[in-house]
Amino acid sequence: MFHSSYIEISKSALQHNISFIKEQLAPDVRLSSVVKGNAYGHGIEEFVGIAHACGLDHFSVFSADEAFRIQQVLPNSATIMIMGFIDDSELEWAVAHDIEFYVFSTEKLESAAVAARKLQKPARVHLDIETGMNRIGLGGDELERAADFILANQALFEVAGICTHFAGAESQENHDRVAGQIARYNEAVDLLKTKGIVARQLHSACSAAVMAYPETHLDMVRVGIMQYGFWSSPEIYYRYMGLSTDRTDPLKRIINWKSHIMSLKLVKAGEFIGYGTSYQATFDMKTAAVPVGYAWGYSRALSNQGEVLIREHRAPVVGIVNMNVLMVDVTGIPDVALKDEVVLLGNQGKESITVASFAELSTQLNYELLTRLPMNIPRYIID
Ligand SMILES: *Cc1c(COP(=O)(O)O)cnc(C)c1O
């Protein structure tokens, strides 16, 4: 099957980012690679394969189906941790395969105990502490009840972790809230210790906290966006750049999204291009059609706004982005031809289309834009 576009994932860029992240950590801090959301759109199977080859052996996902996909690629050679949803029906599978998972309620512990008893094998649980995000997490009495249940069923549980997640470590604006979360987390760890529960690992930091709150590194950090070569926020980027002596971005994007020109056309001055009247040629133009549209994750908000790269030139999107096609102005590009490579995201020669510029134009965060890249675009690994 010929695909209208494809994604390349660079192993050398990933290796570079992993090295940078490890430089931020003390040598005994474990790095968990967060690969939820189809590895932030990069493709979970392809990504974990190269990440493992780059030395990573701990992966964090949102749900059991994602854990299952990793397990198919890396059977028994990595620790897999589910940070979000696991259905009761999936607990037995998780326990049997040493998949670790977060718990947010005593009910989930009770269901896990059933699976563990049946398999005669402890469930590896992480106690997710409610510290102020107010999303999911064990707080107050619920934490005490969960602890008591574990203590009453010690053979059925291995407390693999005590953890929490910060509500906005990427912005200084949230500093007091994050500081409060750190304090409440420490109180919960102490409370559990008093009761007799000591976890194998304490962990709380995401990418932003790795950079802005070194005191949160603890035994392990859970890093998503940075390994893909993006900063959590412009603020985290400028903060780092302000502190560093070397003024170049230490992260490298590992993704390129590419297509090809499917058709070329000459359009006379005065004609409209595409649906409606949003773009009128003001001079005699040459346009190229590219077989990618919003059905493929190229936002309609990039209509008359986005840019692509062709023959190392920037070509602006003209007219409305269609479901499967977009048009670009190639008037000034010498020798432009059918089947020329079109870079939607990433590099071509010295030029690049960054997700940041792309995301600002379409008012999507890096995170959202990446994870909206459909699963059925093929992913290829390059050096
Ligand atoms: C997504 C997520 C992370 C990683 O966040 P990044 O900002 O991408 O580093 C860490 N922990 C939890 C619980 C998450 O959901």
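# Annotated residues, cysteines and ligand

Modeller: Tyrosine 275 is exposed, because its relative accessible area of 62% is over the 50% that defines exposed, with under 20% counting as buried and anything in between as partly exposed (1.4 Å probe, protein chains only). This is a predicted model in which local features need pLDDT of at least 70 and side-chain atom pairs count only at pLDDT 80 or more, while totals for chains, interfaces and linings use all residues. Residues are numbered from 1 along each chain as its sequence is written, and side-chain values use heavy atoms, with hydrogens and water left out.

Colleague: Where does tyrosine 275 sit, and what is it in contact with?

Modeller: Tyrosine 275 is in the loop between β11 (263–267) and β12 (285–290), where strands are DSSP runs of E of at least two residues and helices are runs of H or I of at least four, numbered from the N terminus. Leaving aside neighbours within four places in sequence, tyrosine 275 is in contact (heavy atoms within 4.5 Å) with Ile320 and Asn322.

Colleague: Which residues does the UniProt "active site" annotation cover?

Modeller: According to the unreviewed UniProt entry, that annotation covers Lys36 and Tyr275; positions are given in the numbering used here, feature names are shortened, and annotations may be inferred rather than shown by experiment. They span 240 residues in sequence and the farthest two C-alpha atoms are 36.4 Å apart, so they do not all gather at one spot.

Colleague: Is lysine 36 buried, exposed or partly exposed, and which helix is it in?

Modeller: Lysine 36 is partly exposed, at a relative accessible area of 30%, and belongs to helix α2 (residues 36–40). Apart from neighbours within four places in sequence, the contacts of lysine 36 are Ser60, Val61, Phe62, Glu66 and Met83.

Colleague: Changing topic, which residues surround the ligand?

Modeller: The residues around the ligand, each with a heavy atom within 4 Å of it, include Lys36, Tyr40, Met83, Cys206, Ser207 and Arg222. An oxygen atom of the ligand is 2.5 Å from an N or O atom in the side chain of tyrosine 40, and a ligand oxygen is likewise 2.5 Å from a side-chain N or O atom of serine 207. For arginine 222, a nitrogen atom of the ligand is 2.9 Å from an N or O atom in the side chain.

Colleague: And how many disulfides does the structure hold?

Modeller: The structure holds zero disulfides, a disulfide being a pair of cysteine sulfur atoms within 2.5 Å. Cysteine 163 is in none, as the nearest cysteine sulfur, that of cysteine 206, is 13 Å away. Cysteine 163 is buried at 0% relative accessible area, and cysteine 206 also counts as buried, at 16%.

Technical notes:
Polar contact = N/O pair within 3.5 Å; in protein donor to acceptor, adjacent residues only side chain to side chain.
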